[in-house]
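Hello,

Here is the structure I said I would pass on. Please look through it first, then read the notes below.

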Amino acid sequence: MQSKLTDIELIQRTLKGDQRAYALLVKTYQRYVFTLALRFTKSREDAEEVAQDSFIKVYKALSSFKQESKFSTWLYTVVYTTAMTSLRKRNTNTVALDDEDNFIQVENSTSVADVNSAENRSRSFYLNQAISQLSADDAAVLTLFYHAEQSLEEIALIMGIETNGVKIKLFRARRRLKETLERNLKHEVKELI
Amino acid sequence: MNNMEEKLWEYIDGTCSGEERVAIAALIEKDAVWRTAFNNMQAINSEISEMTLDEPSMAFSYKVMEGVRALEASKPLKTSVSKYIIGGIAGFLVLTIVVIITVILADAKQNAGAIATDLNLPNISAVTLSSVIRAFFYFDIMLLLFLADAFLRRKRGNTQVKSV
């Protein structure tokens, strides 16, 4: 099967019973979906579970996809709601999604063994660390905007809010990220001294 | 929200109008405070854009497709059997009936032609033993076994789901 097939063509093939076409869709979006799920769950295991559930839900509902939005936007909407539901189920003490103080430290794959010293840590490491310290909502907005290539209007659709609300969330998320980054780097500089 | 910061992000994101864009560009060029803020924000912006995505485990897509296959297997036969298959079976049955009637009529015509006064009925035993009829019965038996197998599988699947 050619890799140049569009999402719509792959969906049509899947609806005709070609499961290989759906496997291609999974391969295309698995990193985006997993990263988005990770922003919520802060744990790789839970993120995989959310991502898997989302892909299966999307497969079940594929015939109802009306093509009014991009497939990716629709997929991320499912991921967003699945992650929110999962988070609510797990947090019996009901932690607010935009509560910055209630973050859980993400299990960062790059934070072990070879990156023990502050000198070895890259800027990307600090960014990843800072994003993992943001609230789920802030981290999700940043991921959708920068990595999932979604417009403000599409993010509004995914999160079920107004476009202006997304704009404000994005401004705040970037500001919090900058503050967190500065705080973490200041701490690392002290560590070095 | 800081007005300068807000305007600069709009400028970087490309969400401001043409006029605003020109005005902000002029401010960045002339005002050192705006220029410094713009450079800092653009640095953050490009760093976030360049961040790599997280990778799920190697078996991720396999697990998803396993889930999809399990979903397909648990679908009731009514929804999983294609309309083309049902149409094919119906067509085959109609064709078989037409063939049998044609054979009977042709045989009857031959007998009637040989002895006009004597109404010889067609040799039914010869017709029923023909290869067409045998194939028809064979197909029916296979179809019956297939349906019985699907029914029992579904029944067993339901029992398992209930026990979970």
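**What was found**

In chain A, 67% of the contacts with a separation of 6 or more are made by residues 24 or more positions apart. Please keep in mind that this is a predicted model.

Chain A has eight helices and zero strands, so its elements, read from the N terminus, run α-α-α-α-α-α-α-α. Of its 193 residues, 50% are buried. The accessible surface of chain A comes to about 10,000 Å², and carbon and sulfur atoms hold 48% of that surface.

Next, the nonpolar core. The largest one has 79 residues, and the members that touch the most other members are A:Tyr22, A:Phe40, A:Phe55, A:Phe71 and B:Leu8. Helix α2(A) gives the most to this core, with eleven residues.

Now the salt bridges. Over all chains, the structure holds twelve of them.

A:Lys70 lies in the loop between α3 (44-60) and α4 (71-90) of chain A, while A:Glu154 lies in helix α7 (residues 152-159), so the pair ties together parts that are 84 residues apart in sequence. A:Lys70 is partly exposed, with a relative accessible area of 38%. A:Glu154 has a relative accessible area of 19% and is buried, because buried means under 20%.

The other pair is A:Asp137 and A:Lys169, with a salt bridge of 2.5 Å, N to O, between their side chains. Here A:Asp137 belongs to helix α6 (residues 136-147) of chain A and A:Lys169 to helix α8 (residues 163-192), so this bridge ties together parts that are 32 residues apart in sequence. A:Asp137 counts as buried, at 7% relative accessibility, whereas A:Lys169 is partly exposed, with a relative accessible area of 23%.

One arginine deserves a separate look. A:Arg39 is found in helix α2 of chain A. Is A:Arg39 buried or exposed? At 5% relative accessibility, A:Arg39 counts as buried. Its side chain is joined to that of A:Thr143 by a polar contact of 2.7 Å. Not counting residues up to four places away in sequence, A:Arg39 touches A:Asn128, A:Ile131, A:Ala136, A:Ala139, A:Ala140, A:Thr143 and A:His147 in chain A, and B:Met51 and B:Asp54 in chain B.

That leads to the interface between the two chains. The contact takes 37 residues from chain A and 29 residues from chain B. How much area do chain B and chain A bury between them? The figure is about 3,500 Å², with 66% of it on carbon and sulfur atoms. On the side of chain B, B:Met51, B:Leu53 and B:Asp54 lose the most area to chain A, and together they make up 21% of what that side buries. Two of these, B:Met51 and B:Asp54, are also among the residues that A:Arg39 touches.

There are polar links across the interface as well. Between chain B and chain A, eleven residue pairs are in polar contact. The elements that give two or more residues to the side of chain B that touches chain A are α1 (3-13), α3 and α4 of chain B. Helix α4(B) gives the most to that side, with ten residues.

Six salt bridges are found across the interface of chain B and chain A. One of them joins the side chains of B:Glu5 and A:Arg175, at 2.8 Å, N to O. In another salt bridge, the side chains of A:Arg31 and B:Glu55 meet at 3.0 Å, N to O. This pair crosses between chains, from A:Arg31 in helix α2 (residues 19-41) of chain A to B:Glu55 in the loop between α3 (32-50) and α4 (60-73) of chain B. Both ends count as partly exposed: A:Arg31 at 31% relative accessibility and B:Glu55 at 42%.

Regards

Technical notes:
Residues numbered from 1 in each chain as written. Chains lettered and ligands numbered in written order. Predicted model: local features only at pLDDT ≥ 70, side-chain atom pairs only at ≥ 80, totals over all residues. Heavy atoms only, no water. Helix = DSSP H or I, 4+ residues; strand = E, 2+ residues; numbered from the N terminus. Buried < 20%, exposed > 50% of the residue type's maximum accessible area, 1.4 Å probe, protein only. Contact = heavy atoms within 4.5 Å. Areas by Shrake-Rupley, 256 points an atom, 1.4 Å probe, with all protein chains shown as cover. Salt bridge = Lys/Arg side-chain N within 4 Å of Asp/Glu carboxyl O. Core = buried A, V, L, I, M, F, W, Y, C linked by side-chain atoms within 4.5 Å. Polar contact = N/O pair within 3.5 Å; in protein donor to acceptor, adjacent residues only side chain to side chain. Buried area = accessible area lost by both parts, 1.4 Å probe.
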